[in-house]
Amino acid sequence: MFLINCPYCGERDQSEFSCGGEAHIIRPKQPTELSDDQWAEYLFMRKNIKGVQFERWNHAHGCRKWFNMVRDTSNDKIHAVYKMGEKPPVE
Amino acid sequence: MKNKYSIFSLIKNAFSLHENWKQAWGDPEPKKEYEAIIIGGGGHGLATAYYLAKKHNMRNIAVLEKGWIGGGNTGRNTTIIRSNYLWDASAGLYDHALKIWENLSQELNYNIMFSQRGVMNLAHNLQDVRDLKRRTHANRLNGIDAVWLNTDQVKEFCPIINTSPDIRYPVLGGTLQRRAGTARHDAVAWGYARGADEMGVDIIQNCEVKGIKRNGDQVEGVETSKGFIKTKKIGVVAAGHSSVIANMAGLKLPLESKPLQALVSEPVKPIIDTVVMSNAVHAYVSQSDKGELVIGAGTDAYVSYTQRGSHDVVEGTLKAILELYPIFSRMKMLRQWGGIVDICPDASPIISKTNIKGLYFNCGWGTGGFKATPGSGDLFAHTIANDEPHKLNAAFNLNRFVSGDLVDEHGAAAVAH
């Protein structure tokens, strides 16, 4: 349980948000040309990192906007929050 | 068996005030090389080692555990055992485990306190009723005992449930598997550890795996906090940390690790003599032999390795519990904890070879691994020893995420395992 600083609304309780999983997974541009292995990689395989992870969140019970977050999954500390389309912070 | 536990050994040791019981398993230093290494000393890992030694005669093996045995999800679950799964593959897997559970105390000469008190799954809306009836029929076709109970029969079987039609999610009926029940989870780890140790398996605690050494496509050994250990076969049974170990070998798995919470109340006199689960409101409850209510809550919907979990998840579960069991309204909760569960996209486990020779994974048990412990160990041991899956775990291979042949229990049968 933690507080999330929504880039649109400010600091709110985590229970107002829903997590959309790993960020920056790019939808294949030419889906018809993908092999089964590539589909599996896109659909199912996840980094599932213990440590600093980039992920998508949605302020479901607030502004309902999506944004990205950098969070350490080993202690739930949030390092950065940035809007969709912005470059992920380099650290 | 060297130190067989019996009424006679109990009497004999009573004379020395129970001060001379022998240590049930050893505390060896790791050897330089093993025939096989199991990473993870939980129930599944210890069971795997036990069956490797017992059925496949592999005695020169080790179980590496970074903490203490049974200290992870084995000691954090709500101890429920059942096999009433919808799909044939799952039914085969979980009922294989249930059949082993039924004789496990005798086989291990260790009382795991297996109690077939029945598991009841409640239906709260018309779709639940249809789904659960379908599951009941599927179970019976697979030879698994299952019956449908109407609301009155539910009330008769467990009188403290509020079956009033006026509650937010009224009880419209339920299924009952009478062979299902609970077991003492720590004892399962201890019993398997004692059995494996007796056959020569080294159980090495406080030994964290730091890396996996590969030579091309073949594993060569593991780097650990106690030095390098050579081996040609590695079985990974690391639950929530499976992805971390996979990463060491350069593999990616279709898993997400999330905290799953449970809690127990203060101990009270016997009040509920079965296990009642409700998927729709996500609450399940049973009573331990110590008298505590054992309550299972849900998972947090984000990846975390913190073994804590969010308060709102517990709050949601307790709200549902109180509506179903108003009698618990003044109970005090004693302890709450979280375990890190590794969840597959189809909510079914992976017991599989990988494309790296000698590297095997038993993971993805998600929120319901405890019930499968003996079957999982047996089938994983078979897979490691023969380098081929047993027919009961063939469907649970890693390749199903490429072929698309998923075992989709998530949508079909059991959100709460």
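Predicted model: local features only at pLDDT ≥ 70, side-chain atom pairs only at ≥ 80, totals over all residues.
Biologist: How confident is the predictor in the complex, and what is the mean pLDDT of chain B?

Modeller: The complex gets an ipTM of 0.94 and a pTM of 0.96. Chain B has a mean pLDDT of 95, and 98% of its residues reach 70 or more.

Biologist: Start with chain A. What elements does it have?

Modeller: One helix and six strands. From the N terminus the order is β-β-β-α-β-β-β.

Biologist: What does its C-alpha trace span, and what share of its residues is buried?

Modeller: The trace spans about 45 × 25 × 25 Å along its principal axes. Of the 91 residues in chain A, 35% are buried.

Biologist: On to the interface. How many residues are in contact on each side?

Modeller: 24 residues of chain A touch 25 residues of chain B. The area buried between the chains is about 2,000 Å². Carbon and sulfur atoms give 55% of that area.

Biologist: Which chain A residues lose the most area to chain B?

Modeller: A:Phe44, A:Asn48 and A:Lys50. Together they account for 31% of what the chain A side buries.

Biologist: How many salt bridges cross the interface?

Modeller: One, by the rule used here. B:Lys252 and A:Glu41 pair up through their side chains, at 2.8 Å from N to O.

Biologist: And A:Ile49? Where does that lie?

Modeller: A:Ile49 is in the loop between helix H1 (36-43) and strand E4 (52-58) of chain A. It is partly exposed, at 29% relative accessibility.

Biologist: What is A:Ile49 in contact with, leaving aside neighbours within four places in sequence?

Modeller: A:Thr73 in chain A, plus B:Val303 and B:Tyr305 in chain B. A:Ile49 also has its C-alpha 8.8 Å from that of A:Asp72, 23 residues apart in sequence.

Biologist: Switching to the nonpolar cores. Which members of the largest one touch the most others?

Modeller: B:Leu46, B:Tyr51, B:Trp101, B:Leu104 and B:Tyr192, out of 49 residues in that core. Several elements of chain B supply at least two residues each, among them helix H2 (43-56), helix H6 (185-198) and helix H9 (373-386). Helix H3 of chain B gives the most, with eight residues.

Biologist: Take B:Tyr51. What does it contact beyond its neighbours within four places in sequence?

Modeller: Its contacts include B:Ile100, B:Leu104, B:Tyr192, B:Pro374 and B:Ala381. B:Glu107 and B:Asp378 are also among them.

Biologist: What is in the second core?

Modeller: That one is separate and has 31 residues. A:Phe44, B:Ala246, B:Cys344 and B:Leu359 are among them. A:Phe44 is also one of the residues that lose the most area to chain B.

Biologist: What about B:Cys363?

Modeller: No disulfide there either; the sulfur of B:Cys344 is the nearest, at 6.1 Å. B:Cys363 is buried too, with a relative accessible area of 0%.

Biologist: Back to salt bridges. How many over all chains?

Modeller: 22. One joins B:Lys99 and B:Asp95, with the closest N and O atoms 3.4 Å apart. They are about one helical turn apart, because they sit four residues apart in helix H3 of chain B.

Biologist: Which residue does B:Glu102 pair with?

Modeller: B:Arg179, at 3.3 Å from N to O. The pair links distant parts of the chain, 77 residues apart. B:Glu102 is in helix H3, whereas B:Arg179 is in the loop between strand E7 (173-177) and strand E8 (181-182).

Biologist: And what does B:Glu292 pair with?

Modeller: B:Arg335, with the closest N and O atoms 3.4 Å apart. B:Glu292 is in the loop between E16 and strand E17 (293-299), and B:Arg335 is in strand E18, so this pair ties together parts 43 residues apart in sequence. B:Glu292 is buried at 8% relative accessible area, whereas B:Arg335 is partly exposed at 42%.

Biologist: Which residues do shared partners join into one network?

Modeller: B:Asp95, B:Lys99, B:Glu102, B:Asp145 and B:Arg179.

Key
Residues numbered from 1 in each chain as written. Chains lettered and ligands numbered in written order. Heavy atoms only, no water. Core = buried A, V, L, I, M, F, W, Y, C linked by side-chain atoms within 4.5 Å. Buried < 20%, exposed > 50% of the residue type's maximum accessible area, 1.4 Å probe, protein only. Contact = heavy atoms within 4.5 Å. Disulfide = S-S within 2.5 Å. pLDDT = per-residue confidence, 0-100. Buried area = accessible area lost by both parts, 1.4 Å probe. Salt bridge = Lys/Arg side-chain N within 4 Å of Asp/Glu carboxyl O.
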